[in-house]
Amino acid sequence: MPIAKSNARRKIGILGGSFNPAHAGHREISVAALERLGLDAVWWLVTPGNPLKDSSIYAPYEERLKHARVISDHPDIVVSDFEKRHGLTYTVDTLEALQDDNPNSRFVWLMGADGLETFHKWKDWRVIADRAVFAVFARPGYGEGALSSPAAKDLAAFRVEIDQATDFALIDAPRWIYFPDTNNPISSTELRNRKIQHSNKDNQPADLSVPHGHLAYFLDLHPDLGDFRADAIEGLGKKQKSISPKYFYDERGSKIFNGITEVKEYYPTRTERQIFLDNAKEITGEIGAGVGVFEYGSGSSEKIEWLVKGLKNPAAYVAMDISRDHLIESASVMAEQLSIPVAAICADFHAPIKFPKGVLKDPEHWLGYFPGSTIGNMLPETAVGFLRRASETLGTGAQFLIGVDQVKDKSVLEAAYDDAEGVTAKFNMNLLVRMQRELGAKINIDDFEHYAFYNEQLSRIEMHLRAKQATKIVIDDHEFSFAKDETLHTENSHKFTDEKFSQLVNQTPWHVEKTWTDPQGWFAACLLSNR
């Protein structure tokens, strides 16, 4: 039986469902999977809804998510809103997204025997079976029916015996395994019918979890995630219609943005990475030994590895992101791959952040890490406030490594935000698609076009959605009219000269210690200090 050729270090079980509500049976299956299949973690993917079930039976999503976190009660079980966050409905699409986002992980789909009995009704069920191995756990009354189901019969030749369970996650799909001795009688349906009242413990989420699975700690500061509907209505009602660029990043928008970083006109991502790699020894030398690294916006291990490996005796890496479940997923992967303590803080970097005391060994000093020129997306006054709060978070004697996009020829800048393939246009227009899908907005999307230009006076690229003719957007009972050429402002990306960036920084406790650029001077890596 072929074993997959992979250098993956994480084997992750996926238990998807509505968890309406979560119960001990879900936990029992998960613990059994961790032990018998040798998994590193099990992720519970709480779906907004099951296409095969009546939507009216569901409790509110946040209530289901919160209760699942209480019931899971295990350091290696991660409750995730992955499907909601990525706008996914079907397992086949979820599995594809998981594998795309986590190329160094091996996934095992977990299901009860009742799931196997109806597996042949799932969208593209045979594609699912070909994409990932799956493990089936017995449920009362479903054993024989499940094993004689159309899917079980069709895949009979690919069934693996229990004595091969420990290597199961590394076997190439299609393969499946059946565990006949997990017969917890509890079901979500029974709990709903009995109207069991749950402990109010799920209304008292712990802010600090030490440890948290593979993480040294997880601190949840409960950041304000915003309200798409309210923010859209408010922004469309302004004289210059506008909306926060954070609403770009649904599942489709995130995928499109990944495509932007690959187009030839979009230089920032590859230019910054090359600066870091070309100057890694000098940069890490300037930072010194024994630092703790705090990254604003949780990235991937590939983006942080050069820094951690180049530093002398780094003390810890702490990831921060506003998306709780994405943060836990990505930080847990990094905890497996980095040789230093890894922790995570769920927060908005526009709000105050303090490290928990006495959990990690104090570093010699803290280093903030903020790549990607995200600081350019802020208005100058917002950037000043951010840098001041960062100085308070990182403490006296800290350093801050920031990616900064530089002023350059207007044609280069505008091409980077209006590429010939139209990928950036698709990314911008996706905001209107989201409004239609999530808010029920009435929009004729063909009435709008992507519009990006360099505002020389303000030294920034502006992205807008421009009306090609008189039109309107209707959300609920709110109607917003657009004249021809009127725009909805969606994003700014400020560009800096060395002088302008220093002027910004000098309004804060920081000063620029050293700067590294590419040969063309298009991008800069700036090391700040508040010493």
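**Ground rules.** I'm working with a predicted model, where local features need pLDDT of at least 70, side-chain atom pairs count only at pLDDT 80 or more, and totals for chains, interfaces and linings use all residues. Residues are numbered from 1 along each chain as its sequence is written, and side-chain values use heavy atoms, with hydrogens and water left out.

**Helix pair.** I looked up α11 (residues 251-260) and α18 (residues 423-439), which pack at about 170° with axes 9 Å apart. Helices here are DSSP runs (H or I, at least four residues), numbered from the N terminus. Axes are lines fitted to C-alpha atoms over the stretch in contact, and angles run from 0 to 180 degrees between N-to-C directions. That angle makes α11 roughly antiparallel to α18 (over 145 degrees counts as such).

**Cavities.** I found two cavities of 30 Å³ or more. A cavity is a set of points on a 1 Å grid over the protein atoms alone where a 1.4 Å probe fits but cannot get out; lining residues have an atom within 4 Å of a point. Volume is the space filled by probe spheres set on the points, with grid points joined across faces, edges and corners.

Tyr 296, Phe 349 and Ile 353 are among its lining residues. I noted that helix α16 (residues 380-394) gives the largest share of that lining, four residues.

Key. Helix = DSSP H or I, 4+ residues; strand = E, 2+ residues; numbered from the N terminus. Parallel < 35°, antiparallel > 145°, perpendicular 65-115°, else oblique. 1 Å grid on protein atoms, 1.4 Å probe; cavity = no way out; pocket = protein on both sides within 12 Å on 5 of 7 lines; lining within 4 Å.
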